[in-house]
Amino acid sequence: MAGLELLSDQGYRVDGRRAGELRKIQARMGVFAQADGSAYIEQGNTKALAVVYGPHEIRGSRSRALPDRALVNCQYSSATFSTGERKRRPHGDRKSCEMGLQLRQTFEAAILTQLHPRSQIDIYVQVLQADGGTYAACVNAATLAVLDAGIPMRDFVCACSAGFVDGTALADLSHVEEAAGGPQLALALLPASGQIALLEMDARLHEDHLEWVLEAAAQAARDVHTLLDRVVRQHVHEASIMLGD
Amino acid sequence: MASVSLSEAEKVYIMHGVQEDLRVDGRGCEDYRCVEVETDVVSNTSGSARVRLGHTDILVGVKAEMGTPRLERPDEGYLEFFVDCSANATPEFEGRGGDDLGMEIASTLCRIFNNRSSVDLKSLCISPREHCWVLYVDVLLLECGGNLFDAISIAVKAALFNTRIPKVRVLEDEEGSEDIELSDDPYDCMQLSVENVPCIVTLCKIGCRHVVDATLQEEACSLASLLVSVTSKGVVTCMRKVGKGSLDPESIFEMMETGKRVGKVLHTSLQDVLRKEESLGPERPKVGFLG
């Protein structure tokens, strides 16, 4: 996009953030009563809901059951009104299927699936409003929902995106920055061990710059972890008060 | 969950309760559960609303887009409905599992809302035969706790109330070709009148009585229900029997009377809530799903 300055000379981005700054994150666990686990997250103007059912018996054909671990089943859908231009279908298009697969990969790396052999865990995420970083918001929401369902995990999974503009790595891209078409990196991190659960990079980037972008994304993911940890502690604290402990 | 299965004893318990005008959650036969309504929850829509009725959770987004009027009604805009039964509500809806229910609800909504007596469709026309506003009303079902139709109709009415359509002017140049000019001011917009927009009241026949706003458990005890759409003046605009059982004509009239009575009260309280929220203006703290 010519004419739009993504990073000013003073080092500020279009929405007034610094290069490594995240958008405001607000989250809540236990949004719905009927699901086993649910969570809602807002990252700036991106809003996502995640719901978890399971572990339960395999639905549909039994041949899908895995003898040594649980099957993680993910569906990504984004509301028809979530984007600027109306979408015709909420799920089933190529992008949604790809997102579903990526989420599945991410959570197979984090959930201790070997504890529930021959069973199934469903993770459904729904984007209500999309303003860049939908993958990251979905992963963060799904992490909270899996925790809410009480499914054992190796660690939190925290995701964040990063980009590269004018020799500077930017964390947590908004829609405007994504649409400008520069290199983009999506990263899902297990913060305690520093392991990477998912890494995806599109567009061309010089090898020498990769380290900076990766570090920016990892730092942002660690910041997300601090925030999510606070949300979980707050939720558990409230729940224990309600139980009268 | 779209439906639950109950044992015979549980059904008898609920049916005897209804007979005595006392339901499992302490309500009478004509009482609604507590309804929570919030408008303007999704900022990239023209209008949106979220309604929570017991465990039923509905999010509606309205997007106004420019289109061409239908051939048979050249001077009117129109509404399009789409209902997404998302897997969030129940794993049964995964993939294409919710499509049938979604279609059924969408066609019912279209019949009730997309006509001149409910919405002023003429005001949606920009230039006859050429351009009109098409309102895409997208309903997202997030959790099912019974009585979907009523909750959806309340959410649709609230979202239409919240809808702001930008004002446009049609400019005609010398050669007779038309040009559409959008107002520069984002606050220069028109609002739809929702005075005549109906709400749906579903009456569930349980035993020989009927109840409004049935929960999932009560729906499991009922064989048939009657769906009545009522305007704020108590005029019935649409009626439909749903469910696998049958109803006798006498009880249909009884149910219609109840529907009118309950519908009027529902409209009054909904209007009050919407007006109150509107009067707070843009400073209103938004709760959304965080509350």
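UniProt positions are given here in the numbering of this model, and such annotations may be inferred rather than shown by experiment. With that in mind, welcome to a short tour of a predicted model.

Select residues 21-152 and 155-219 of chain A, where an unreviewed UniProt entry places the feature "domain: Exoribonuclease phosphorolytic". Colour residues 21-152 by secondary structure and you will find 25% helix and 33% strand, with the end C-alpha atoms 31 Å apart. Now do likewise for residues 155-219 of chain A: this span is 28% helix and 42% strand, and its end C-alpha atoms lie 17 Å apart.

**Second stop: an arginine in a loop.** Move to chain B and pick Arg27(B), in the loop between α1 (8-19) and β1 (35-39). Is Arg27(B) buried or exposed? Its relative accessibility is 9%, so Arg27(B) counts as buried, the cut-off being under 20%. Show its side chain, and you will see a polar atom 3.0 Å from the backbone oxygen of Asp31(B).

Next, select Ile58(B), Val60(B), Leu79(B), Leu109(B), Leu135(B), Val156(B) and Leu160(B), the residues with the most contacts inside the largest nonpolar core, which has 63 residues. Helix α3 (residues 148-162) of chain B gives the most to this core, 11 residues. Zoom in on Ile58(B): beyond its neighbours within four places in sequence, its contacts include Val51(B), Val139(B), Leu141(B), Leu148(B) and Ala155(B). To finish, return to chain A for a second, separate core of 61 residues, with Ala186(A), Leu198(A), Val213(A) and Ala221(A) among them.

Notes
Residues numbered from 1 in each chain as written. Chains lettered and ligands numbered in written order. Predicted model: local features only at pLDDT ≥ 70, side-chain atom pairs only at ≥ 80, totals over all residues. Heavy atoms only, no water. Helix = DSSP H or I, 4+ residues; strand = E, 2+ residues; numbered from the N terminus. Buried < 20%, exposed > 50% of the residue type's maximum accessible area, 1.4 Å probe, protein only. Polar contact = N/O pair within 3.5 Å; in protein donor to acceptor, adjacent residues only side chain to side chain. Core = buried A, V, L, I, M, F, W, Y, C linked by side-chain atoms within 4.5 Å. Contact = heavy atoms within 4.5 Å.
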